[in-house]
Amino acid sequence: MEKKIITTDKAPAPIGPYNQAVLAGDTLYISGQVCIDPQTGGLNNGSLEEETHQCMRNLEAILAAAGLNFSNVIKSTIFITDMHRFAEINSVYGQYFTIDFPARETVQVAALPKFVNVEISMIAVR
C-alpha cells in the first residue's frame, strides 16, 4: 500500500518527528491537533471554546489538503485535561458535524503538549 504525506501551511507545522497526516490507501490518519494558530505560531487559548475551535480549524485545513472534509471523518479521539469541562468541548466539536457523526472516544489525560487543555485527532476515509 502506498502512503502519502499530507501537509498544509494552513495548519501548524509538526513540533516533533511526525507529520500532520498520512494518507494510506483511502484512509487519512490525522495527527492530534492542539490550539496552535498556524499564522502566528502562538496558542489560541483565551478560553476552552477558542482552543477547541482552533483544533477543529487545524483539522479542517488538513482534511482540505487531502481533498476531504468533516463528512469523511469516521473516528475522532479527544484528549482533555479535565473531564468536568467535557460539555464545553463537546458543544464546539458538535458544530463541525451535521449528520452521521463519527465514532469517538474522549480521554482525560494528565497533560498535553504545550500544556493546552484539549487535543483532537481524526481518521477519515475517501
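Biologist: Why is Gln 33 called buried?

Modeller: This is a predicted model, and in it Gln 33 has a relative accessible area of 4%; because buried means under 20%, Gln 33 is called buried.

Biologist: Where does Gln 33 lie, and which residues does Gln 33 touch?

Modeller: Gln 33 lies in strand E3, which covers residues 27-33, and, leaving aside residues up to four places away in sequence, Gln 33 touches Ala 11, Pro 12, Gln 20, Cys 55, Asn 58, Leu 59, Ile 62, Val 118, Glu 119 and Ile 120.

Biologist: What makes the pair formed by Ser 31 and the side chain of Gln 33 a polar contact?

Modeller: The backbone oxygen of Ser 31 lies 3.3 Å from a polar atom of the Gln 33 side chain, and because the cut-off is within 3.5 Å, the pair counts as a polar contact.

Biologist: How do you know that E1 and E2 pair?

Modeller: Strand E2 (residues 21-24) is joined to E1 by 4 bridges, running antiparallel, and since pairing needs at least two bridges, the two strands pair. Lys 3 stands opposite Ala 24 in E2.

Biologist: What is the order of the strands in the open sheet, and why are E1 and E5 called edge strands?

Modeller: The open sheet has 6 strands in the order E1-E2-E3-E6-E4-E5, with mixed pairing. Strand E1 (3-6) and strand E5 (103-108) each pair on one side only, so they are the edge strands. From one strand to the next the twist averages 15°.

Terms used
Residues are numbered from 1 along each chain as its sequence is written. This is a predicted model: local features need pLDDT of at least 70, side-chain atom pairs count only at pLDDT 80 or more; totals for chains, interfaces and linings use all residues. Side-chain values use heavy atoms; hydrogens and water are left out. Buried means under 20% relative accessible area, exposed over 50%, partly exposed in between (1.4 Å probe, protein chains only). A polar contact is a pair of N or O atoms within 3.5 Å; within protein, one must be able to donate a hydrogen and the other to accept it, and residues adjacent in sequence count only if both atoms are side-chain atoms. Contact means heavy atoms within 4.5 Å. Axes are lines fitted to C-alpha atoms, for helices over the stretch in contact, and angles run from 0 to 180 degrees between N-to-C directions.
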